[in-house]
Amino acid sequence: QGTHTFPDGTKYEGEYKDGNFDGQGTLTLPDGDKYVGEWSDGKPSKGTYTWSNGEKYVGEYKDDKEWNGTIYDNEGNVLFRKVKGWVQ
């Protein structure tokens, strides 16, 4: 468990394993984007990524990419879904 702030202002707060983000954690970027969720071996695995404009992706990641989930606008309306990385 810990907090790390990178030189560019990116901040991670959460669990670590073998020096990587692993378990529950929050990554906040200098531009206001934020990811809250599960990490595995330094990569996001399942959680919510919120862009600074209020839109968000909720779902799973695979190889650092949105995999199975939903993207919402800043009012909570569904914009589109991703299934195995493809827009549906």
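# Legends to close-up views

**View A. Apart from its neighbours within four places in sequence, E66 is in contact with W51, Y57, E60, Y61, I71, K82 and G85.** Contact means that heavy atoms lie within 4.5 Å. This is a predicted model, in which local features need pLDDT of at least 70 and side-chain atom pairs count only at pLDDT 80 or more, while totals for chains, interfaces and linings use all residues. Residues are numbered from 1 along each chain as its sequence is written, and side-chain values use heavy atoms, with hydrogens and water left out. E66 lies in strand 7 (residues 65-72); strands are DSSP runs (E, at least two residues) numbered from the N terminus. With a relative accessibility of 18%, E66 counts as buried; the term means under 20% relative accessible area, whereas exposed means over 50% and partly exposed lies in between (1.4 Å probe, protein chains only). The C-alpha atom of E66 is separated by 17 Å from that of G54, 12 residues apart along the chain.

**View B. K82 and E66 meet through their side chains in a salt bridge (3.1 Å, N to O).** A salt bridge is a side-chain nitrogen of Lys or Arg within 4 Å of a carboxyl oxygen of Asp or Glu. The pair links distant parts of the chain, with K82 in strand 8 (residues 78-83) and E66 in strand 7, 16 residues apart. The structure holds one salt bridge. K82 is buried, at a relative accessible area of 17%. Side chains of opposite charge can pair when their charged atoms come close.

**View C. Nine strands form an open sheet in the order 1-2-3-4-5-6-7-8-9, with antiparallel pairing.** Strand 1 (2-5) and strand 9 (86-87) stand at the edges with a single partner strand each, so one side of each has no neighbour in the sheet. Two strands pair if DSSP finds at least two bridges between them. Strand 5 (residues 43-50) and strand 6 (residues 56-62) pair in the antiparallel sense over five bridges, and G47 has G59 of strand 6 as its bridge partner. Strands of a sheet pair through backbone hydrogen bonds, either parallel or antiparallel.

**View D. Y12, F21, L27, Y35, W39, Y49, Y57, Y61 and I71 make up the largest nonpolar core, of nine residues.** Strand 3 (20-28), strand 4 (34-40) and strand 6 each supply at least two residues of this core. A nonpolar core is a set of buried Ala, Val, Leu, Ile, Met, Phe, Trp, Tyr and Cys residues joined through side-chain atoms within 4.5 Å. Beyond its neighbours within four places in sequence, Y61 is in contact with Y35, P44, S45, K46, Y49, E66 and W67.

**View E. Ring pairs join F6, Y12, Y16, F21, Y35, W39, Y57 and Y61 into a cluster.** Rings of Phe, Tyr and Trp (its six-membered ring) pair if their centres lie within 6.5 Å; planes under 30 degrees apart count as stacked, over 60 as edge-to-face and the rest as tilted. By this rule there are 10 aromatic pairs. F6 and F21 form one that is edge-to-face, at 6.5 Å centre to centre and 75 degrees between the planes. This pair links distant parts of the chain: F6 is in the loop between strand 1 and strand 2 (11-17), and F21 is in strand 3, 15 residues apart. F6 is partly exposed, with a relative accessible area of 32%, whereas F21 counts as buried at 15% relative accessibility.

Note on methods
Helix = DSSP H or I, 4+ residues; strand = E, 2+ residues; numbered from the N terminus.
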